[in-house]
Amino acid sequence: MSLAISDHDLLDAWTASRDGESGEWLDDLVARADPDARREDVAGWSLARRSGALLELRISRWGEELEGVVACPRCEGELELSLDLAEVAGEQRQETDLEVAVGDGCLRFRLPTRLDLDAVLSVSEPGEARRALAERCLLAAPQDLTRLTDGAVAAISERMGQADATGALDLAASCPECGHEWDEPLDVADFVAGEIASAARGLAAEVHALATAYGWSEEEILTLPAARRRMYLELVDA
């Protein structure tokens, strides 16, 4: 099922977030686009599933091509990078339990949710934060294992990353000015969330401009097709 959301729901979800937790508005956004989900359900989804839903929303609204500008770390020259989001969204996103081998046994665990990440945000040391996250997601372990070893935590973290195709990616970049090559990190879900927030702010600005110019209500403005709104905005700015 392809997810899509109206301008009205997009603006509602974003404005409601100003009085709530930072991650809740994206849960609300996905729930508004998915008729079978509530916000409470989305909060309990794995990050991979939640990120996949955000990608579907992004693709349905703005298309499959993600483009951005990055600076070369050597000469600071700018270059454009692009990514086909359809390829990322189409990759397998693991929803079943995961396993890693430990000695003669194995550890069984699930992918983390937004609520899991929120729970470990107060842990400042990265290694301990990874441990806390692994312990929250652990479902089964050998009976003689009383504490996760550093190796087990690292193995769980690596497997989680492999199972989430929408997590952080490294894009190959090559500067046309100085020839420097490097891997540019990109968190796809965070980038898309930023685009969606920017779109919501843009909608608010459009409503303000047209309401000020014509006295129309928010409902009347958001009911107009986007192309019609742009036409009236051009007349206001003329």
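# Cysteines, cores and a buried helix

Reader: Why is C178 called partly exposed?
Author: C178 has a relative accessible area of 31%. Buried needs under 20% and exposed needs over 50%, so a value of 31% puts C178 in between, as partly exposed. The model is predicted, and the values here are computed from it.

Reader: What makes E76 stand out in its backbone?
Author: E76 is not a glycine, yet it has a positive phi of about 65°. E76 sits in the loop between β1 (65-71) and β2 (78-84).

Reader: How do you know whether E76 is buried or exposed?
Author: The relative accessible area of E76 is 65%. Exposed means over 50%, so E76 is exposed.

Reader: Why is D164 called buried?
Author: D164 has a relative accessible area of 17%. That is under the 20% limit, so D164 is buried. D164 lies in the loop between α8 (150-163) and β6 (168-174). Leaving out residues up to four places away in sequence, D164 touches L47 and A48.

Reader: Why is helix α2 described as largely enclosed by the rest of the structure?
Author: Helix α2 spans residues 24-33, and eight of its 10 residues are buried, so the helix is largely enclosed. The buried residues are W25, L26, D27, D28, L29, V30, A31 and A33.

Reader: What covers the buried residues of α2?
Author: The cover includes α1 (7-16), α3 (39-43), α4 (47-62), α6 (114-120) and α9.

Reader: What makes up the largest nonpolar core, and which members touch the most others?
Author: The largest nonpolar core has 46 residues, and L10, W25, L29 and L83 touch the most other members. Helix α9 (residues 188-214) gives the largest share of this core, 10 residues. A second, separate core has 15 residues, including L111, A134, A152 and A163.

Reader: Which residues does L29 touch?
Author: Not counting residues up to four places away in sequence, L29 touches I5, L10, A13, L54, L57 and I196. L29 is also one of the buried residues of α2.

Reader: What is the make-up of the chain as a whole?
Author: The chain contains 11 helices and seven strands. Its C-alpha trace spans about 75 × 50 × 35 Å along the principal axes. Of the 238 residues, 39% are buried. For contacts between residues at least 6 apart in sequence, 57% join residues at least 24 apart.

Reader: How many charged side chains are there, and where do the centres of the two sets lie?
Author: There are 22 positive and 49 negative side chains in the chain, with the centres of the two sets 5 Å apart. The accessible surface of the chain is about 13,500 Å², and 47% of that belongs to carbon and sulfur atoms.

Notes: Residues numbered from 1 in each chain as written. Predicted model: local features only at pLDDT ≥ 70, side-chain atom pairs only at ≥ 80, totals over all residues. Heavy atoms only, no water. Core = buried A, V, L, I, M, F, W, Y, C linked by side-chain atoms within 4.5 Å. Buried < 20%, exposed > 50% of the residue type's maximum accessible area, 1.4 Å probe, protein only. Helix = DSSP H or I, 4+ residues; strand = E, 2+ residues; numbered from the N terminus. Contact = heavy atoms within 4.5 Å. Areas by Shrake-Rupley, 256 points an atom, 1.4 Å probe, with all protein chains shown as cover. Lys, Arg positive; Asp, Glu negative; His and termini not counted. Charge placed at Lys NZ, Arg CZ, Asp CG, Glu CD.
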